[in-house]
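Colleague: I'd like to learn how to read pockets, patches and salt bridges off a model. Could you walk me through one?

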Amino acid sequence: MQQRSPSALTTLLNLAWPIILARATQSVVGFCDALMVAPLGHNALAATTTGALNTFAFIIFPFGTVFILQSFAAQLRGRGTLEAIPRYAYYGLLIAVFAGLLPIIGLPLLPWAFAKLGYSPEVRELLFQYMSIRALSVAAAVGAEAIGNWYGGLGNTRLSMVVGVTTMIINVIGCYVLIEPRFGLPGYGVAGSAWAAVIATWSGFLVALAALLTGTGYREIVPVVKVPWRSLRKVEFLRVLRFGLPSGVNWFLEFSAFALFVNAIVTHLGTTTLAAFNVMIQINSVSFMPAFGLASAGAVLVGEAIGRRALSEVPRSVKLTIAVAAAWMLCVGTLYLLIPEYLVGLFTSRSGEDTGELLRIGTLMLMISAVWQVFDAIGMTLSEALRAAGDTTWCMVARIVLAWGCFVPGAWFAIFVQHGGIGSVMLALASYIGLSSLAFGFRFLQGRWRNIDLVGAEADLVG
C-alpha cells in the first residue's frame with residue numbers, strides 16, 4: 001500500500017511548532033522579567049523593560065544578518081548540494097564573534113544619549129546599569145540564533161526549541177533568585193534581572209554549540225566539527241553578507257525607529273506611560289512570537305521549494321501560513337479586547353505604588369493593539385517569504401522609507417507639535433504595521449522573487 005504523504009498544513013505545523021515554542025520562550029523571558037521586577041516600582045519596571053528593548057538594538061543587526069543562513073541551508077538542501085552546507089554554520093559563528101564587539105563601541109555613548117532624552121534621573125541610572133550588564137550576552141544571543149537558523153534550514157526546528165526552553169528556565173530561576181532577597185542573597189534588583197539574562201543566554205548558546213559540534217540533529221551532511229577552517233570560502237561568506245546585511249540593516253533600522261519612538265516620544269509622556277507602553281509590548285509578544293515562528297516555518301518551505309525550482313508551490317505555502325498565523329493573532333487579539341485589565345493588572349497588582357494610572361493607560365493601549373494583530377501576521381509572513389527568496393534589499397528600502405519617512409516623523413509631529421497623547425502614539429504604531437503589510441503584499445504579488453538567485457554558482461563548488 002502506498003504511504004500517504006502529509007498534507008501541506010501538517011507539514012507546516014510539524015515545522016512550526018518547535019519554532020513557535022522557541023519564540024514563545026523568548027516572550028516568557030521578557031514577560032517574567034517585567035513581572036518579577038514590577039514589585040520594585042515604576043522606575044525599575046520602566047528601566048528593565050526599556051533596557052531590554054535597547055539592548056536588542058545591539059543584537060538586531062547581526063540577528064537579521066544570520067537569519068539568512070536559514071535561506072541558504074534550505075535552498076542548498078533543496079538543490080541536493082549537501083557538501084557546502086556545513087561551512088555556512090561557521091560563517092554564522094564568525095558573525096556572532098564580530099557582534100560581541102558592538103557593545104564596546106556603543107556603551108560609552110549611552111550616558112550622553114540618555115541625558116538628552118526625557119528619562120528621570122532614577123530611570124536613567126538603572127537603565128545604564130541594566131544595559132552595561134546585558135551587553136555581555138550579545139555574542140551568545142547571536143551565536144544561538146545563527147545555529148538555530150542553520151538547523152532550521154535543514155528542516156530541524158527542534159534545536160531552537162530546546163535552546164529556547166533552556167534559556168527560559170534558567171532565566172526565570174535566575175530572576176527569582178537574584179532580583180529580590182532570597183536564599184541568603186541581598187537581592188540585586190534591576191542588575192539581578194540583567195545577570196539572569198546573561199547567564200541564561202550563554203547557557204542556551206552552549207547547548208546549541210554542543211549540538212552543532214557533535215552532529216546532533218542532522219544526519220544527511222558531514223558533522224560541522226569535521227569541516228576544517230581552511231575549507232571555508234571567501235566567496236561564500238561574502239555572499240552571505242551580500243544577502244544577509246540588507247536583512248540586518250532592514251531589521252536594525254526598523255527596530256531603531258521603534259527604539260527612538262519609545263526612548264524619545266513615549267518617554268516624553270512620562271515614566272508611568274513608558275512603563276504601561278512596555279507592559280503592552282510584553283503582552284503583545286505573546287501573540288507576536290508564535291506568529292513569527294509560523295512565518296519562519298513558512299519561510300523554510302518557501303526556501304526548499306525555490307531550491308527545487310518548484311516556484312508554483314510558493315504562493316500556496318504563503319497563503320496557508322498567512323491563514324494559520326492570522327487565525328492565531330485574531331484569537332489573541334480577541335483576548336486583548338475581552339480581558340485587557342486582567343492582563344495589564346498582572347504587572348501592577350504587587351507594586352506598592354499607586355497603580356491606577358498605569359492600569360488605566362496600559363488597558364487602553366492593549367485594547368487598541370488588538371486592531372493590528374491580523375495585519376502584523378500578514379506582514380511577518382510575507383516579509384519572511386521574501387527573505388527566504390533572497391529579496392532582502394527591497395525589503396530593507398521599504399522598511400527604511402516607512403519607518404523613517406512615515407512612522408517616526410508622524411509620531412513626532414503628533415506628540416510634539418499637535419500635543420497628542422496615548423491615542424496618537426498607538427495610531428502611529430498601528431498605521432506603520434498596516435502600511436508595512438500592504439507594502440510586502442504588493443512586492444510579493446509582483447513576483448520579482450522568482451528571478452533571484454540566492455545561492456549562486458558556488459552551490460556547485462562542493463567538497
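This is a predicted model: local features need pLDDT of at least 70, side-chain atom pairs count only at pLDDT 80 or more; totals for chains, interfaces and linings use all residues.

Colleague: What volume does the largest pocket have, and which residues are closest to its centre?

Modeller: Its volume is about 490 Å³. Of the 17 lining residues, N54, A57, L110, A113 and A259 are the closest to the centre. Two or more lining residues come from each of α2 (42-66), α6 (110-116) and α11 (234-266).

Colleague: How many lining residues of the largest pocket are nonpolar, polar or charged?

Modeller: There are 13 nonpolar and 4 polar residues, with no charged ones. Take A259 as an example from helix α11. A259 counts as buried because its relative accessible area is 9%, and the cut-off for buried is under 20%. The C-alpha atoms of A259 and F56 are 9.4 Å apart, although 203 residues separate the two along the chain.

Colleague: And the second largest pocket: which classes of residue make up its lining?

Modeller: That lining has 5 nonpolar, 3 polar and 4 charged residues. The second largest pocket holds about 250 Å³ of space. Of its 12 lining residues, A8, T11, L301, E313 and S317 are the closest to the centre. The elements giving two or more residues are α1 (8-37), α12 (271-307) and α13 (313-338), and α13 gives the largest share, 4 residues.

Colleague: Now the surface. Which residues make the nonpolar patch?

Modeller: L335, L337, L338, I339, Y342 and M367 make a nonpolar surface patch of about 600 Å². Helix α13 contributes the largest share of the patch, 3 residues. L337 is in helix α13, and its 48% relative accessibility makes it partly exposed.

Colleague: On to salt bridges. How many does the structure hold?

Modeller: It holds 8. To read one, look for a side-chain nitrogen of Lys or Arg within 4 Å of a carboxyl oxygen of Asp or Glu. E236 and R87 meet this way, at 2.7 Å from N to O. E236 is in helix α11 and R87 in helix α4 (residues 85-99), so the pair ties together parts 149 residues apart in sequence.

Colleague: Are E236 and R87 buried or exposed?

Modeller: Both E236 and R87 are buried. Compare the salt bridge between E254 and R399, at 2.6 Å from N to O. That pair links E254 in helix α11 to R399 in helix α17, 145 residues apart. E254 is partly exposed at 21% relative accessible area, whereas R399, at 11%, counts as buried.

Colleague: Which residue forms a salt bridge with R443?

Modeller: D391 does, with the closest N and O atoms 2.8 Å apart. R443 is in helix α18 and D391 in the loop between α16 (373-389) and α17, 52 residues apart. R443 is buried, with a relative accessible area of 10%, and D391 is buried too, at 5%.

Colleague: Last one, backbone angles. Where does R309 lie, and what is its phi?

Modeller: R309 lies in the loop between α12 and α13. Its phi is near 60 degrees, a positive value in a residue other than glycine. R309 is partly exposed, at 48% relative accessible area. H419 also has a positive phi, near 55 degrees. H419 sits in the loop between α17 (392-417) and α18 (422-446), and is exposed, with a relative accessible area of 66%.

Key: Residues are numbered from 1 along each chain as its sequence is written. Side-chain values use heavy atoms; hydrogens and water are left out. On a 1 Å grid over the protein atoms alone, a cavity is a set of points where a 1.4 Å probe fits but cannot get out, and a pocket is an open set with protein on both sides within 12 Å along at least five of seven lines; lining residues have an atom within 4 Å of a point. Grid points are joined across faces, edges and corners, and a volume is the space filled by probe spheres set on the points. Ala, Val, Leu, Ile, Met, Phe, Trp, Tyr, Cys and Pro count as nonpolar, Asp, Glu, Lys and Arg as charged, and the others, Gly among them, as polar. Patches are made of residues with over 30% relative accessible area and no salt bridge: like charges are joined within 9 Å, nonpolar side chains (Val, Leu, Ile, Met, Phe, Trp, Tyr) within 5 Å. Accessible areas come from the Shrake-Rupley method with a 1.4 Å probe; for residues, only the protein chains shown count as cover. Buried means under 20% relative accessible area, exposed over 50%, partly exposed in between (1.4 Å probe, protein chains only).
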